[in-house]
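Please open the structure in the viewer and keep the sequence beside it.

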Amino acid sequence: MSKAGGNRVLVVGGTRGTGRLIARLLHERSYEVRVLARDPARAFAELGSAFEVVAGDLTKADTLPPALRDVDHIIFTAGAPSGRYASENLVKTTDYDGVIHTLTAARSAGFRGRFVYLNSIGIKTNSLAGFLINLLKRNTLVWRRRVEDKIRSSDLDYTIIRVGFLLDRPGGERAVNVSQGTLPLAFRNRIARADVAEAFVEAMQHPRASRATFEIVWGKGLRRESWSALLDNLKPD
Ligand SMILES: NC(=O)c1ccc[n+]([C@@H]2O[C@H](COP(=O)([O-])OP(=O)(O)OC[C@H]3O[C@@H](n4cnc5c(N)ncnc54)[C@H](OP(=O)(O)O)[C@@H]3O)[C@@H](O)[C@H]2O)c1
């Protein structure tokens, strides 16, 4: 455990997109934030000196141990690049092997905290959008379904959060639906990255999110419920 007593969080994927929003939110809430980066100089330039940047590449297991040393929780949002072609080899080595390597390194480092993993909705329900994404990022939803099973069968505490289509929109405005079913991937099932960032930070230490899997997408109308209330009804897997 870190000297600050449960305060140091490693964000894998914290150099971009949702992971970077999570890293910033954790910092605002006074966590010590460590970010894994393939290109530490670029990450440091973008994030600033308030963040600890540690070099590592998910596809190379032997690069990961330094990042996993003395962390209290791990948030994992990394994945093969979105919006362009990715070979099945790149998808498997990033979306599947990368998670396994992280879990292995965490176990070796004596990790006792929670592993909070970002997945996509639609890994269990067929849809046209899911079919097209599997064509572009070869079978990403298949590898992401398989890796969930590996996380669940590990002896670590975990939370799996499946998210809808991600949008760069402000957070906190729209209602969020939290459910434990298997929504299809479809544009109507969407959510802002900023809302997803809040969900991760809140779920990381919420007792009901321990060993639980849930899905988040925007609901109808304005946000009225607190995250704590939204997560209070979760059931463990
Ligand atoms: N776009 C959507 O609608 C959607 C929907 C559901 C789920 N998702 C998933 O949600 C996650 C977040 O998406 P996003 O668009 O917010 O972020 P993103 O821009 O896709 O960021 C991906 C992150 O993964 C990191 N990464 C990739 N390969 C890596 C490797 N080998 N080693 C270390 N880090 C690696 C990237 O680091 P670098 O800075 O080094 O590239 C980056 O920080 C992704 O996993 C994505 O697949 C996306």
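How much space lies in the largest pocket? The largest pocket holds about 1,200 Å³ of space, a volume being the space filled by probe spheres set on grid points joined across faces, edges and corners. A pocket is an open set of points, on a 1 Å grid over the protein atoms alone, where a 1.4 Å probe fits, with protein on both sides within 12 Å along at least five of seven lines; lining residues have an atom within 4 Å of a point.

The model is predicted: local features need pLDDT of at least 70 and side-chain atom pairs pLDDT 80 or more, while totals for chains, interfaces and linings use all residues. Residues are numbered from 1 along each chain as its sequence is written, and side-chain values use heavy atoms, without hydrogens or water.

Select T77, G79, A80, P81 and S82 next: of the 42 lining residues, these are the closest to the centre of the largest pocket.

Now select the ligand, which sits in this largest pocket (more than half of its atoms lie within 2 Å of the grid points). Around the ligand are 24 residues, with T15, T18, R38, R42 and R193 the closest (a heavy atom within 4 Å).

Then display the polar contacts (pairs of N or O atoms within 3.5 Å). A ligand oxygen atom is 2.6 Å from a side-chain N or O atom of T18. For R38, a polar side-chain atom lies 2.8 Å from a ligand oxygen. At T77, a polar backbone atom is 3.0 Å from an oxygen atom of the ligand.

Methods: A polar contact is a pair of N or O atoms within 3.5 Å; within protein, one must be able to donate a hydrogen and the other to accept it, and residues adjacent in sequence count only if both atoms are side-chain atoms.
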